[in-house]
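Have the sequence and the 3D view at hand as you read.

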Amino acid sequence: MTRQEIEKYILKTYGSVAEYPWVTAPKYAVYRHAENRKWFAVVMDIPKRKLGIDSDEIVDIMNVKCDPILVASLINENGFFPAYHMVKGKWITIMLDSVDDERIKWLLGTSFELTMKR
């Protein structure tokens, strides 16, 4: 999925509009629950080097919250990395051009559920 496809999907599915809270990172989009303001997804563009890949190519990534057991399993798969700038045991980074759309949607749903008001 592209950033634009994710933005449209999140708006349609969860009613959340992208927020851009950082002046120094104007392309970093945060998606929150309306009720509790908790983040359930963060979309960013970063150099692959920040994911441990020997390249300065800029890629789009998304952080989502996951069950810790799922995080441990996913980081062994292509396109998944320990969370960039988030709690690594509870969040995971997805390189958007490396993971299929249905899996991204499922992980967004999981993150949305895990961050809902209880």
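Buried means a relative accessible area under 20%, while exposed means over 50%. The model you are looking at is predicted.

Is A18 buried or exposed? Its relative accessible area is 12%, so A18 is buried, since buried means under 20%. You will find A18 in the loop that links α1 (3–14) to β1 (29–32). Leaving out residues up to four places away in sequence, A18 touches E7, A29, V30 and Y31. Between A18 and Y31 there are 13 residues of sequence separation, yet their C-alpha atoms are 5.3 Å apart.

Now turn to M1, which sits in the segment before α1. M1 has a relative accessible area of 13% and is therefore buried. Setting aside neighbours within four places in sequence, its contacts are I6, Y9, L96, D101, I104 and K105. The C-alpha atoms of M1 and S55, 54 residues apart in sequence, lie 21 Å from each other.

The two residue pairs can be set side by side:

| Pair | Separation in sequence | C-alpha to C-alpha distance |
|---|---|---|
| A18 and Y31 | 13 residues | 5.3 Å |
| M1 and S55 | 54 residues | 21 Å |

**How α1 meets α3**

How do the two helices cross? The axes of α1 and α3 (residues 101–114) come within 12 Å, crossing at roughly 50 degrees. The two helices are therefore oblique to each other, and their crossing is right-handed. On the α1 side, the contact is made by I6, Y9, I10 and Y14, which meet I104, K105, L108, G109 and F112 of α3. Sorted by class, this contact has seven nonpolar residues, one polar and one charged.

**The protein as a whole**

Stepping back, the protein has three helices and five strands. Read from the N terminus, the order of elements is α-β-β-β-α-β-β-α. The C-alpha trace spans about 40 × 35 × 25 Å along its principal axes. A compact globule of 118 residues would have a radius of gyration near 13 Å, and the protein agrees with this because its value is 13 Å. Of the 118 residues, 44% count as buried. Finally, take the contacts between residues at least 6 apart in sequence: 45% of them join residues at least 24 apart.

Definitions and conventions. Residues are numbered from 1 along each chain as its sequence is written. This is a predicted model: local features need pLDDT of at least 70, side-chain atom pairs count only at pLDDT 80 or more; totals for chains, interfaces and linings use all residues. Side-chain values use heavy atoms; hydrogens and water are left out. Helices (H or I, at least four residues) and strands (E, at least two) are DSSP runs, numbered from the N terminus. Buried means under 20% relative accessible area, exposed over 50%, partly exposed in between (1.4 Å probe, protein chains only). Contact means heavy atoms within 4.5 Å. Axes are lines fitted to C-alpha atoms, for helices over the stretch in contact, and angles run from 0 to 180 degrees between N-to-C directions. Angles under 35 degrees count as roughly parallel, over 145 as roughly antiparallel, 65 to 115 as roughly perpendicular and the rest as oblique. A crossing is left-handed if the near helix is turned anticlockwise from the far one by less than a right angle, and right-handed if clockwise. Ala, Val, Leu, Ile, Met, Phe, Trp, Tyr, Cys and Pro count as nonpolar, Asp, Glu, Lys and Arg as charged, and the others, Gly among them, as polar. The radius of gyration is taken over C-alpha atoms; the globule rule is 2.2 Å times the number of residues to the power 0.38.
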